[in-house]
Amino acid sequence: MLMEIAFYLFSVVMIASALMVISARNPVHSVLFLILAFFNAAALFVMLGAEFLAMILVVVYVGAVAVLFLFVVMMLDIDFKALRQGAMQYAVFAAVLALAFFCELAFALYSWRVGGAIVLPAVSAGGISNTQALGRILYTDNIFYFQTAGLILLVAMIGAIVLTLRHRPGVRRQSVARQVARQPADAMEVRDVKPGQGS
């Protein structure tokens with residue numbers, strides 16, 4: 001019963017926050033609702049016993065992509081003064097939303113402390129968890145393919161940088177080889193200045 005309540009709670013909040021992402025007028029609010037949707041999806045993954053997917057969802061999407069969206073939105077030329085007008089009328093809704101989010105966190109923490117009333121024991125027949133099994137597959141059984149994929153991504157990144165690099169005329173660029181090969185005679189000039197001729 002407790003697990004069903006948690007499932008419906010996280011699902012309803014995730015669907016409501018996903019709808020608010022596309023219906024909110026303020027883009028900053030849309031990004032914040034997106035982060036809330038990601039957290040609830042991670043909670044559903046934890047309930048299913050896929051704690052590795054939940055961790056990846058929080059670390060990658062919430063920690064990188066959503067924060068990147070937030071920075072991009074904050075750099076846009078948006079008239080926030082016009083968006084702030086009438087913001088106090090949503091104070092009650094914001095308080096209810098924050099209370100629901102903290103209740104979800106407390107509920108998940110309580111169920112974790114009690115002993116897995118909600119979180120399924122994600123332990124395989126060998127006695128290892130889901131994350132340990134994935135780590136063993138990635139870093140032990142398939143380490144060659146994992147390292148090859150990393151090298152392919154590195155080559156793709158270097159190729160993208162080389163293809164988009166443009167040398168514009170009139171722009172001063174640093175030449176390390178010329179700096180290293182420079183001699184003192186190339187850098188300074190000695191002149192014999194007579195008395196009274198110096199400026």
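This is a short exchange on how some terms apply to a predicted model.

Trainee: What is the overall make-up of the chain?
Mentor: The chain has 9 helices and 0 strands. Of its 199 residues, 18% are buried.

Trainee: Why is α2 called mostly covered?
Mentor: Buried means under 20% relative accessible area. In α2, 15 of the 21 residues are buried.

Trainee: What span does α2 reach, and what is expected?
Mentor: Helix α2 runs over residues 27-47 and reaches 30 Å from its first C-alpha to its last. The expected value is 30 Å at 1.5 Å a residue, and the span is close to that. Just after α2, G49 takes a positive phi of about 90 degrees.

Trainee: How many aromatic pairs does the structure hold?
Mentor: The structure holds 4 aromatic pairs. One of them is F7 with Y8.

Trainee: What makes F7 and Y8 a pair, and which kind?
Mentor: Ring centres must lie within 6.5 Å. Those of F7 and Y8 are 5.5 Å apart, with 70 degrees between the planes. Over 60 degrees counts as edge-to-face, so this pair is edge-to-face.

Trainee: How do you know what kind of pair Y139 and F146 form?
Mentor: Their centres are 5.0 Å apart and their planes stand at 75 degrees. That angle is over 60, so the pair is edge-to-face. F146 is partly exposed, because its relative accessible area is 34%.

Conventions:
Residues are numbered from 1 along each chain as its sequence is written. This is a predicted model: local features need pLDDT of at least 70, side-chain atom pairs count only at pLDDT 80 or more; totals for chains, interfaces and linings use all residues. Side-chain values use heavy atoms; hydrogens and water are left out. Helices (H or I, at least four residues) and strands (E, at least two) are DSSP runs, numbered from the N terminus. The expected span of a helix is 1.5 Å times one less than its number of residues. Buried means under 20% relative accessible area, exposed over 50%, partly exposed in between (1.4 Å probe, protein chains only). Rings of Phe, Tyr and Trp (its six-membered ring) pair if their centres lie within 6.5 Å; planes under 30 degrees apart count as stacked, over 60 as edge-to-face and the rest as tilted.
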